Amino acid sequence: MNTRKTSLALVLAILPLAAFCDPVGNDLDVKRITRSVAYSLPFLHLNQLAFDEGVSTNAFALFLETLDPARSYFLQSDIDAMAAEAPDLYKRLRKGEIDFARNAYAVLMERIANRTAYIDQLLDKGFDLETKEDFVWDRKDVPWPRDEADWDELWRKRIKNEYVARLVAQRLHAEDEAASTNAVARTDGDATNTVSAAGLDDDFDLAPEAFIRERYKQFRLTMESLDEEMLLQNYLSAFSHVYDPHSDYMSPSSSEDFDINMKLSLVGIGAMLRPEDGAAKIIRVIPGGPADKDGRLQAGDKIIAVAQGDEEPVSILHWPLYKSVRIIRGEPGSKVVLTVVPASDRTGTRTKKIDLVREEVQLEEQAAKKEVREFKLANGETRRLGIITLPDFYADFAAANDNPKEARRASSDVRRLIHELLLEDVEGLVLDLRNNGGGSLVEAVETAGLFISSGPVVQVKERERVQVLPDADPDIDYDGPMVVLVNRLSASASEILAAALQDYKRAIIVGDRQTHGKGTVQTLMPLGDRKGSLKLTTAGFYRINGGSTQLRGVTPDIVIPSYLDVMDLGEDSLEHALPWDTIRPAMYRTQDGLDKLVPLLAEQSGERLAGSQEFQAYLAKRERLRERFETRTVSLSLDDRIAEAEAEKELDDIQSGSFLDEPGSAKKDDLILDETLNILSDLVDLQHMGQREMLAPNLSEK
């Protein structure tokens, strides 16, 4: 959020004026690019980390993870030999040298060729599928193979795992086909209500041996196509990621794609991605986009292949993210088919296909919306509660320049909806910020001002100053009972708003264990023609109480357990994330009384959820999902694996909340929102009770 352009003239001025040619012979000015990045990182990044041996050794580790994330191709002897160079890499980067990256890549390609030949031997020999043994599929913290015998045993289990996974996928596909056929028979040919779990390709008759050989053939071709530009981006980004995970070097091609995306000349599926384990992981589904309206693609899912319309899918495993995004995007109205590993399947055994029609996310689809819910009280009366859902802090800047009165802005829309709800006699308000990934900082401040009198809302710390952003308008649009609902995907500007209302004690915050924890601002810094750009963290957000929103996010006053709490989706799941810290608090005045009600509200909520069969069923599935996310091994027994896959299929629906829905019903249960409304109703009761107690002495005197 708040990406802006900053000149690098000061940094570039200290570099030699002579251009350096790329030894490969293309038009990449590798030496000058590399030197620019080396001098820019410590000079312009927020944390001012010295560019030294510590950065060098950490970048070494991160770069090897990009080449061999499963620690399966390199041998420990390879790592030991390369590690001897690690302490001096920062010095070589200042000289414009990336020979280490080229040499490491060459070693990797030798190892890939060796393992490809060994895979053929394993598949020719076959596997015993009844032997009880496990495979450690998550090898992020496991040492590289110590010798060739250890290497061969690792690969025996790895290929056996893929062999078993293929057999399981074929079986599940056959079951889905049978279920689909039965559904067609029951609905006179209409199978629109059935969902098929498809695999990487449409040919499920392809034997496991042929499938695995084709997969590794494609992987080898992908790695062989890794050109100098991709290698440079991976290597320089390894250094920038030591500073924080949101700082990147963007190669010229990646920068061009970023510019295209900003100008919306191509459109996509409406999802934010990040690379993980060689796939493109869904971090957030954009409200109002094709994926959001379709509902099948969820945060935590991993895209492993992409097809254009009815064409054959293309594997994107181990592609640079910008290349994956390039084929996911396309012309408006065109169809893209994604092959996805569900978030609940940690081993990649099961895949499903999701077809989406690309379209531009319209502002109207992201706009704030209202709803009124009615409650029957114990005394027979009806209570009306309002809900405002705010998916994004949007601002139509182009329209604001042309016709300010007609420009759509989040704060203006929320203000309008508040007054519409007040005309409908609502007694309380839920502001739903779940899945709100941020947007305009100004709109977040303006929205906070609708609920408080004038005062500071957020503090922004840059390298040399702290700026306090206030709400200058003393008017309050809504001063009644209020709950703000958040989750693990509420990030950046939404965390600022929730934090401000919590610090002022203006609203009760309800939701997941914590929000996302994205408390930083990135700045896009072009390096010059055909040199790419640096995206660096240059500022951080701080609450008015002095605490950062970075890493810890906002902790709700009342926590309602969510499946998102057990998934690796927050800032704290990212390596080298900037730490939480504090600055001097701003001057502000809190409201009285609300914090005293939180213990009773939490107790009432806990009792209600403990007695809810629906919520207890939800918690049981959440616990099973947590166990899957904590499991680092998988059985290589076919029978055990089939049972595991069947159990995992039952966990897919927890993400959409559909496991409680009636068959054929269009309604989706939202247990979290339902309980939030119960908390709000309790808050209304308690505040009414407090008002009566305050009035009682005055009435008795009369």
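**View 1. Surroundings of Ala86 in the predicted model.** Not counting residues up to four places away in sequence, Ala86 touches Ser56, Thr57 and Phe60, where contact means heavy atoms within 4.5 Å. Ala86 itself lies in the loop between helix 4 (76–83) and helix 5 (89–94); helices (H or I, at least four residues) and strands (E, at least two) are DSSP runs, numbered from the N terminus. With a relative accessible area of 4%, Ala86 is buried, a term that stands for under 20% relative accessible area, whereas exposed means over 50% and partly exposed is in between (1.4 Å probe, protein chains only). Ala59 is 27 residues from Ala86 in sequence, and the two are 8.4 Å apart in space, C-alpha to C-alpha. This is a predicted model, in which local features need pLDDT of at least 70 and side-chain atom pairs count only at pLDDT 80 or more, while totals for chains, interfaces and linings use all residues. Residues are numbered from 1 along each chain as its sequence is written, and side-chain values use heavy atoms, with hydrogens and water left out.

**View 2. The largest nonpolar core and Phe51.** A nonpolar core is a set of buried Ala, Val, Leu, Ile, Met, Phe, Trp, Tyr and Cys residues joined through side-chain atoms within 4.5 Å. The largest one has 75 residues, of which Phe51, Phe63, Trp155, Ile159, Tyr235 and Phe239 touch the most other members. Helix 6 (residues 99–125) gives the most to this core, contributing 11 residues. Phe51 touches, among others, Ala38, Leu41, Pro42, Tyr90 and Phe239, when residues up to four places away in sequence are not counted.

View 3. The strands follow the order 9-10-11-14-15-18, with mixed pairing; two strands pair if DSSP finds at least two bridges between them. Strand 9 (369–376) and strand 18 (558–559) stand at the edges with a single partner strand each, so one side of each is left without a neighbour in the sheet. Strand 14 (residues 482–486) pairs with strand 15 (residues 508–511) in the parallel sense over 4 bridges, and Val484 has Ile509 in strand 15 as its bridge partner.

**View 4. The protein chain as a whole.** The protein chain holds 21 helices and 19 strands, and buried residues make up 52% of its 702 residues.
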